[in-house]
Amino acid sequence: MTKRVEASETTPENTILSGDCIEVMASLPAGSVDLIFADPPYNLQLKGELHRPDNSRVDAVDDAWDRFDGFAAYDRFTRAWLSEARRVLKPEGALWVIGSYHNVFRVGAALQDAGFWILNDVIWRKSNPMPNFRGRRLTNAHETLIWAAREEGGKYAFNYEALKALNDDVQMRSDWTMPICTGAERLRDEAGRKAHPTQKPEALLHRIMVGTTKPGDLVLDPFFGSGTTGAVAKRLGRRWLGIERDAGYRAIAEARITAVTPAAADAVSVAPSRRAAPRIPFGRLVEAGLLAPGSWLSSPCGRRRAKVRADGTLVAHEVRGSIHQVGAALEGAPSCNGWTYWHFETSGGPKPIDLLRQKLRETAGG
């Protein structure tokens, strides 16, 4: 008998709720969750046991929770949990869902039908995938994640600079290479068997939370399993909520998360998104006296020069306009980021005017 959580005006946090994910989500307040990470059943449709060349049995996913009576039943299940997931998300919330070729295309279509707005698909390339023992197909070396906003136009969280910093100051791509769980990270029972067949690596959840949440956000995992989402959320200063109907998995997850030591508050903040920073027109720099009317700006190579005017425009020969318009015209380009193109003189040499914008933001507390 599934235990149903009583409806409440407040959302539980930092706990595991027992029960069916659809019923439990239906009892949660609408618009209360910042991010959902979902690792639903893949509906692998396995036929019999799988063995290695030495005839040893492969520990594959053959649990009852991964079995459905055909695609129609799986689709009904998918639409039901996605409907509740969308309801509990805040308007600016987002969802990550992971799957394999067995189910991810069906889930993607259901996402769009439900009103979600797909932002990216991410290929998790496994650096140590399980071989294809039967030799009848390609080695299945990746899984697909879909990142979707609750709705088109939603102001979802995206920490672009944080992900760039995480990637050695190179823009983060949509193909992520990392190993599957092995060694000490792989949870095992007393007999040495995998405690959960589809345990995801903590590195995967770390990247997702650093990139698409902020400290204090509430992250919901409706298929909690062994608790990877909760463990990473606790370590990174995010609130978490898990839903899991299997008592054995709940016990594993609770013990795992209890052992996690949260990072210090000043260590879980991420580089702020420039998109979220307050807009500061170039003219504000002139008004604040950071650049005087009549001063000169130069291009990165020093070949182009333009004079600052009192109204916050630039003039160069016969070209007048904004810092972006003048830069584009001088370079013969369709567009130009004037904040990084134009430089002002300092005792240490030319510096981009974007430094002055950052200084003004800091002075204003923004």
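# Reading a predicted fold

Q: Which residues touch the most other members in the largest nonpolar core?
A: Trp96, Leu145, Trp176 and Leu204 do, in a core of 32 residues. Helix 5 (residues 202-212) gives the most to this core, with 5 residues. A second, separate core of 29 residues includes Met25, Val97, Val104 and Ala148. In soluble globular proteins, nonpolar side chains tend to be buried together. A nonpolar core here is a set of buried Ala, Val, Leu, Ile, Met, Phe, Trp, Tyr and Cys residues joined through side-chain atoms within 4.5 Å. Buried means under 20% relative accessible area, exposed over 50%, and partly exposed in between (1.4 Å probe, protein chains only).

Q: What should I know about the model and its numbering?
A: This is a predicted model: local features need pLDDT of at least 70, side-chain atom pairs count only at pLDDT 80 or more, and totals for chains, interfaces and linings use all residues. Residues are numbered from 1 along each chain as its sequence is written, and side-chain values use heavy atoms, with hydrogens and water left out.

Q: How many helices and strands does the protein chain have?
A: The chain has 11 helices and 14 strands. Both are DSSP runs, numbered from the N terminus: helices are H or I with at least four residues, strands are E with at least two. Of the 366 residues, 43% are buried.

Q: What is the strand order in the open sheet of 8 strands?
A: Strands of a sheet pair through backbone hydrogen bonds, either parallel or antiparallel. Two strands count as paired if DSSP finds at least two bridges between them. Here the order is 1-8-7-2-3-5-4-6, with mixed pairing. The edges are strand 1 (15-18) and strand 6 (175-178), each pairing on one side only. Neighbouring strands of this sheet are turned by 20 degrees against each other on average, direction ignored.

Q: How many bridges join strand 3 to strand 5?
A: Strand 3 (residues 89-99) and strand 5 (residues 142-149) run antiparallel and are joined by 6 bridges. Isoleucine 98 has leucine 145 in strand 5 as its bridge partner. Leucine 145 also has contacts beyond its neighbours within four places in sequence, including Trp96, Trp124, Leu204 and Ile208. Contact means heavy atoms within 4.5 Å.

Q: Which strands does helix 5 lie across?
A: Helix 5 lies across strand 2, strand 3, strand 4 (117-126), strand 5, strand 6 and strand 7. It runs at about 140 degrees to strand 6. Such angles run from 0 to 180 degrees between N-to-C directions, with axes fitted as lines to C-alpha atoms, for helices over the stretch in contact. Helix 2 (residues 71-88) also packs on the sheet, touching strand 2 (33-38), strand 3 and strand 7 (218-221).

Q: In what sense do strand 9 and strand 10 pair?
A: Strand 9 (residues 296-298) and strand 10 pair in the antiparallel sense over 3 bridges. Leucine 297 stands opposite alanine 306 in strand 10. The two strands form a hairpin with 6 residues between them, and glycine 302 in the turn has a positive phi of about 85 degrees. Strand 10 also pairs with strand 11 in the antiparallel sense, over 2 bridges. Lysine 307 has valine 315 of strand 11 as its bridge partner.

Q: Which elements do the buried residues of helix 9 pack against?
A: These residues are Ile323, Val326, Gly327, Ala328 and Leu330. They pack against helix 8 (282-287), strand 10 (305-308), strand 11 (314-316), strand 12 (319-321) and helix 10 (338-341). Glycine 332 follows helix 9, with a positive phi near 65 degrees.

Q: Where is aspartate 168, and what is its phi?
A: Most residues other than glycine have a negative phi. Aspartate 168 is not a glycine, yet its phi is positive, about 60 degrees. It sits in the loop between helix 4 (160-166) and strand 6. Aspartate 168 is exposed because its relative accessible area is 68%.

Q: Is histidine 317 buried or exposed?
A: Histidine 317 counts as exposed because its relative accessibility is 72%. It lies in the loop between strand 11 and strand 12.
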